Amino acid sequence: AVVSTQSTGDNDTIDFVAQSCPDLERLNVEQATGLCSPFLTSFSRHALTEINTMGVYDSDIVRCVSANWSRVCLAESNITDISLHLLALRGKLVELNLCWCDDITDAGIAALVSAHSSTLQTLLIRQCAYGTKTLNAIAHCSKLRVLDLSQIADITTDASWRALATGLPLLENLDISWMFGLSDNHLTLFLSHCPRLQRLNIDGHKQITTRSFRRMLVTLPDGRRVRSAQYLPSLRYVSLQYCNDMDDIELAELVELCRGSLVVKGYYGEDVEFSGSRHT
């Protein structure tokens, strides 16, 4: 059974749902309003595998954390490392969303990621206080497919970034927007080791240029320019909003020669359009 709501509710409603659905497996109350902590306690005896909520506290997690949890979204919650350490001891997480959790630390995130490194496929830690420990832990998540590291002040060290770039061969979706300190060298390193990457968001970068994308085009012996089959062959979407140093002409050529297989969002979020004559 699945419960998902975006409507106004209260704890009495949640209690009713809990009592009426003893076999409940997935709970989504992310958009519900009017709930008061510790409403999750109502589900402490359920075998939930997925939980999607916001604004909970450590007390909620302490009372209902389960080894059955595999997909957990606690975005914008008031949790601390206490909750992260509890989650590290329970089950095997496949998806984890901790975006905008302001009171968790690099050490706590790293411990949780390390505990589930063999199973994690989605990790979202936008605007969290992660650092070198977390990046080194993520580098061991070889099954990771979706990663959001956006809105952090610095990328920490080159060594941790290299470990991260070379440790995620299955990555398909990467968001490193507004992650200050990133250079062309950092981005090229990452892109060179992610052949399955389909979506890339690097909004807000002031040092990134089109250099990292030039290898997507190769020149054949007869002089024709075509899309490379080796470098980023799966890439379908790139967002470059508020990136100051992109060459519009190069981007237009890239989009044109990819012949509809690549969407690029420009400085203001507009689609970069074909320009010039069609290459054959």
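The model is predicted, and local features need pLDDT of at least 70, side-chain atom pairs count only at pLDDT 80 or more, and totals for chains, interfaces and linings use all residues. Residues are numbered from 1 along each chain as its sequence is written, and side-chain values use heavy atoms, with hydrogens and water left out.

**Nonpolar core**

- The largest nonpolar core has 81 residues, of which Trp-69, Leu-98, Ile-138, Leu-149 and Phe-213 touch the most other members. Such a core is a set of buried Ala, Val, Leu, Ile, Met, Phe, Trp, Tyr and Cys residues joined through side-chain atoms within 4.5 Å.
- Among the elements that give two or more residues to this core are helix 1 (11-20), helix 4 (106-115) and helix 8 (248-257). Helices here are DSSP runs of H or I with at least four residues, and strands are runs of E with at least two, numbered from the N terminus.
- Helix 8 gives the most to the core, with five residues.
- Leaving out residues up to four places away in sequence, Leu-149 touches Ile-125, Tyr-130, Leu-135, Ile-138, Leu-164, Asp-175, Ile-176 and Met-179. Contact means heavy atoms within 4.5 Å.

**Aromatic pairs**

- Four aromatic pairs are found in a search of the whole structure. Rings of Phe, Tyr and Trp (its six-membered ring) pair if their centres lie within 6.5 Å; planes under 30 degrees apart count as stacked, over 60 as edge-to-face and the rest as tilted.
- The ring centres of Trp-178 and Tyr-242 are 6.2 Å apart and the planes are at 40°, so this pair is tilted.
- Trp-178 is in the loop between strand 8 (173-175) and helix 7, and Tyr-242 is in the loop between strand 12 (237-239) and helix 8, so the pair links parts of the chain 64 residues apart.
- Tyr-267 and Tyr-268 form an edge-to-face pair, because their centres are 4.8 Å apart and their planes are at 80°.
- Tyr-267 is partly exposed at 31%, whereas Tyr-268 is exposed at 66% relative accessibility. Buried means under 20% relative accessible area, exposed over 50%, and partly exposed in between (1.4 Å probe, protein chains only).
- Trp-178, Tyr-242, Tyr-267 and Tyr-268 form one aromatic cluster.

**Cys-194**

- Cys-194 lies in the loop between helix 7 and strand 9 (199-201) and is buried, with a relative accessible area of 0%.
- Apart from neighbours within four places in sequence, Cys-194 is in contact with Ala-165, Leu-168, Leu-171 and Leu-232.
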